[in-house]
Amino acid sequence: MFRVGLGGLIHETNTFAKTPAVLDNFLKPDGFYPGLRSSEEILRFGDGRFNIAASGFLSAAPAHNFQVVPLIWCGAEPSAPIAKDVFDHLLGLLIDSLKANMPYDGLFLDLHGAMVYGNLQDGEIEILRQVRQVVGEIPIVVSLDLHGNIAPECFTQATALIGYRTYPHVDGFENGERCADMLAYLIKGGQIFGSFRQVPFLMPSTTQATTREPAQGIYNFLEELERVPGVLSVTMMEGFPPCDQPHTGPSIFAYAETSLLAQGTVDWLLEFILSRESQFSTDLYPCEQAVKKAIHLATHASGPVLMADIQDNAGGGSPSDSTWLLYELARQRARNTAIGLLFDPDAALKAHQSGKGTEVELSVGGHSLPGHHPFTSRFKVEALHEGTFIGTGPMVKGRQLDLGKMAHLVVDDIHLVVSSVRMQALDQSQFRVVGIEPASMSILALKSANHYRADFGPIAGGIINVEAPSAIIEDPSKIPYTQLREGVRLKGLGPVFHRPN
Ligand SMILES: [Zn+2]
C-alpha cells in the first residue's frame with residue numbers, strides 16, 4: 001500500500017468583484033460547494049461518481065493500491081479576494097492535518113488555480129510553498145480547474161499539475177482519475193520532465209466553451225499530443241480574465257519521459273493555439289438589442305431562446321442580482337420568459353412571509369453594486385422552496401445543492417427565480433424546484449457565461465450573449481488591469497497591455 005494524502009482548497013477569485021469571501025462561505029454549503037469536509041467525511045466523495053476531482057481520485061485509489069489519508073477539503077463560490085486571515089486559517093487547517101498524519105508516499109491536492117487572497121497574493125503559490133515545506137521532496141500532484149491563472153512558481157513547486165479539459169466543467173471526476181494515474185506513476189519512480197509556457201493573449205470567457213470552436217479543436221489536438229509515446233500529460237488552462245495578476249491568462253504545460261519531448265509538446269500546442277488566435281474575440285449584444293433579437297427568434301425557435309447574462313455570472317464572482325436585462329425584458333413585454341438566478345435573500349424571505357398564491361410588492365435585486373437599481377413591482381408569489389435539492393444536470397448530478405429560501409415570482413408573463421445563496425444558473429433543477437419547466441419557456445435568461453450549456457444547451461432554440469453591467473467585464477481589453485504582465489494581448493489579436501507607470 002502507498003500512503004497518499006488528499007486535500008482540497010478551492011476558490012476562483014475575481015479581483016474586481018465586491019462580493020466578499022468570508023470564512024462561512026468555505027465552512028458551510030455555498031452554491032456548488034458542500035461546506036468544509038475533514039477526515040472521514042472526505043472519503044464519502046468516493047461513494048459515488050461526483051463531478052469533483054477528489055471523487056475521481058478516491059474511486060481510482062484501490063486500483064493503485066493507495067491508502068488515502070483524508071486531510072481537509074473545502075471551496076466557496078467565486079467572489080472577491082479572500083481576506084488574509086480567512087486564507088491563513090484555511091491553509092492552517094490543511095497544514096495542521098498534513099503534519100498530524102505524516103509520513104506520505106505522495107500527495108494529491110484538489111485546487112483551482114485562480115485563488116487570490118489579501119493584497120493580490122496568489123493563493124496556490126502559497127499553498128504549494130507551505131505544503132512542500134512540510135512534506136519535502138515527495139510527489140505532489142495537483143488537479144486544477146481550467147480557469148486557473150498559473151504562475152511559473154506554481155508549476156515548479158508541484159511535481160505535476162493536471163487541468164480539466166472541459167468547459168462547462170464535466171470532467172472533474174475524470175481529472176481526479178488522471179491525477180491518480182500520474183501519482184501512481186511517480187510513486188513507483190517514473191521519470192518526469194515538465195515544460196510550461198504562458199500563452200501571449202487572453203481568452204474572453206464566451207470563447208472558452210470546449211463544446212465548440214475555437215476551443216474544441218485545441219482540446220482535441222491536446223488529446224492527440226497525449227497519445228504520443230512518452231508523453232505523460234498535457235494541459236491547457238484557458239485562464240480567468242477578471243483577475244488582476246501578472247500571470248492572468250492561458251498557460252500550457254506538458255509532462256513527458258524526456259525533457260525534449262515535454263518542450264516539443266508545448267511548442268506544438270502553442271503553435272496550434274496561435275493559429276486560432278483571431279477566433280478568441282467577443283460577440284455581445286447590449287440588452288435592448290438582445291431582447292429584441294430573442295423575442296423575434298422565439299416566434300419560430302424549436303426550444304427556448306437562451307439569453308446568457310454573462311457578466312452577472314455568480315460563477316465568475318458577480319453578485320447575480322443585476323436587473324438590467326430584467327428591466328429590458330419587462331419593457332419590451334417578453335412573454336413566457338423566465339430569468340434566474342436572482343440572488344436576493346431579503347426578497348425571498350418576504351415572499352415566504354407573504355405566502356404562496358399571494359401578491360406582494362417587492363424590490364428585487366440591484367442591491368450589490370453602485371449604480372445598480374432594484375426592480376420594484378407587485379409580484380404574484382407562484383411557488384416557494386427551502387432551497388435544498390439534488391442537482392440533475394451533467395455538472396452537479398446527484399449532489400445536494402443548497403440555495404437557501406427560494407421564490408418563483410411572476411410579473412406580467414415574466415417568471416423570476418430568486419435564491420438566498422449565490423449560484424450560477426447551470427442546472428435545470430434550479431428552475432424545476434419552483435415549478436418552472438425550462439423546456440416549456442420561450443425565453444430563458446440565465447446568469448451564466450458557459451456552464452449553462454451543459455444542461456440547457458440541448459434544449460436551446462438559440463443562444464444570445466448579453467452585455468449588461470456587473471462585476472465581470474467580458475471583453476478583457478476593457479478591464480482596468482494594473483498588475484498584468486507587460487506585452488500580453490488583451491484578447492485574440494487584441495490591443496497589447498502596457499503596465500501603468
Ligand atoms: Zn472554471
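Me: How do α8 and α9 sit, roughly parallel or roughly antiparallel to each other?
Reply: Roughly antiparallel. This is a predicted model, and in it the axes of α8 (residues 215-226) and α9 (residues 259-274) cross at roughly 160°. Anything over 145 counts as roughly antiparallel, so that's the label α8 and α9 get.

Me: And which hand is the crossing of α8 and α9?
Reply: Right-handed. The two axes come within 10 Å.

Me: Which residues of α8 and α9 meet?
Reply: From α8 you've got I218, F221, L222 and L225, and they meet T265, W268, L269, F272 and I273 of α9. By class, that contact has eight nonpolar residues, one polar and no charged ones.

Me: Why would residues three or four places apart point the same way in a helix?
Reply: An α-helix has 3.6 residues a turn, so residues at that spacing point the same way.

Me: OK, other pair. What's the angle between α10 and α11?
Reply: Roughly 50°, for α10 (residues 287-298) against α11 (residues 324-331), with the axes coming within 9 Å. That makes α10 and α11 oblique to each other, and the crossing is right-handed.

Me: What's in that contact, by residue?
Reply: C287, E288 and V291 on the α10 side meet W324, L325, E328 and L329 on the α11 side. Sorted by class, the α10 contact with α11 has five nonpolar, no polar and two charged residues.

Me: Switching to sheets. What's the strand order in the six-strand one?
Reply: β2-β3-β1-β4-β7-β8, in an open sheet with mixed pairing.

Me: Which strands are at the edges?
Reply: β2 (37-38) and β8 (160-163). Each has a single partner strand, so one side of each has no neighbour in the sheet.

Me: How do β4 and β7 pair, parallel or antiparallel?
Reply: In the parallel sense, over four bridges, with β7 being residues 140-144. If you want a spot to look at, D110 stands opposite S143 in β7.

Me: How many residues of α3 are buried?
Reply: Seven of its eight, so α3 (residues 53-60) is mostly covered. The buried ones are A53, A54, S55, G56, F57, L58 and A60.

Me: What covers them?
Reply: The cover of the buried α3 residues includes β1, α2 (40-43), β3 (66-75), β4, β7 and α7. Several of those names came up with the sheet: β1, β3, β4 and β7 are among its strands, and α7 is the helix packing on it.

Me: What does L90 contact beyond its sequence neighbours?
Reply: L9, F26 and C74, once you leave aside anything within four places in sequence. There's also L36, which sits 54 residues away along the chain, with its C-alpha 9.6 Å from that of L90.

Me: Now the backbone. Which peptide bonds are cis?
Reply: Two to look at are M102 to P103, with omega near -5°, and G340 to L341, with omega near -10°.

Me: Where are P103 and L341?
Reply: P103 is in the loop between α4 (84-100) and β4 (106-111). L341, on the other hand, is in a strand, β14 (residues 337-343).

Me: And which non-glycines have a positive phi?
Reply: L120 is one, with phi about 55°, and D412 is another, with phi about 50°.

Me: Which loops are they in?
Reply: L120 is in the loop between β5 (116-117) and β6 (121-122). D412 is in the loop between β19 (406-411) and β20 (414-419).

Me: How covered are L120 and D412, buried, partly exposed or exposed?
Reply: L120 is partly exposed, with 15 other C-beta atoms within 10 Å. D412 has 12 of them within 10 Å, so it counts as exposed, since the cut-off for that is 12 or fewer.

Key
Residues are numbered from 1 along each chain as its sequence is written. This is a predicted model: local features need pLDDT of at least 70, side-chain atom pairs count only at pLDDT 80 or more; totals for chains, interfaces and linings use all residues. Helices (H or I, at least four residues) and strands (E, at least two) are DSSP runs, numbered from the N terminus. A residue is buried if 20 or more other C-beta atoms lie within 10 Å of its own, exposed if 12 or fewer, and partly exposed in between; C-beta atoms are placed from the backbone. Two residues are in contact if their C-beta atoms, placed from the backbone, lie within 7 Å. Axes are lines fitted to C-alpha atoms, for helices over the stretch in contact, and angles run from 0 to 180 degrees between N-to-C directions. Angles under 35 degrees count as roughly parallel, over 145 as roughly antiparallel, 65 to 115 as roughly perpendicular and the rest as oblique. A crossing is left-handed if the near helix is turned anticlockwise from the far one by less than a right angle, and right-handed if clockwise. Ala, Val, Leu, Ile, Met, Phe, Trp, Tyr, Cys and Pro count as nonpolar, Asp, Glu, Lys and Arg as charged, and the others, Gly among them, as polar. Two strands pair if DSSP finds at least two bridges between them.
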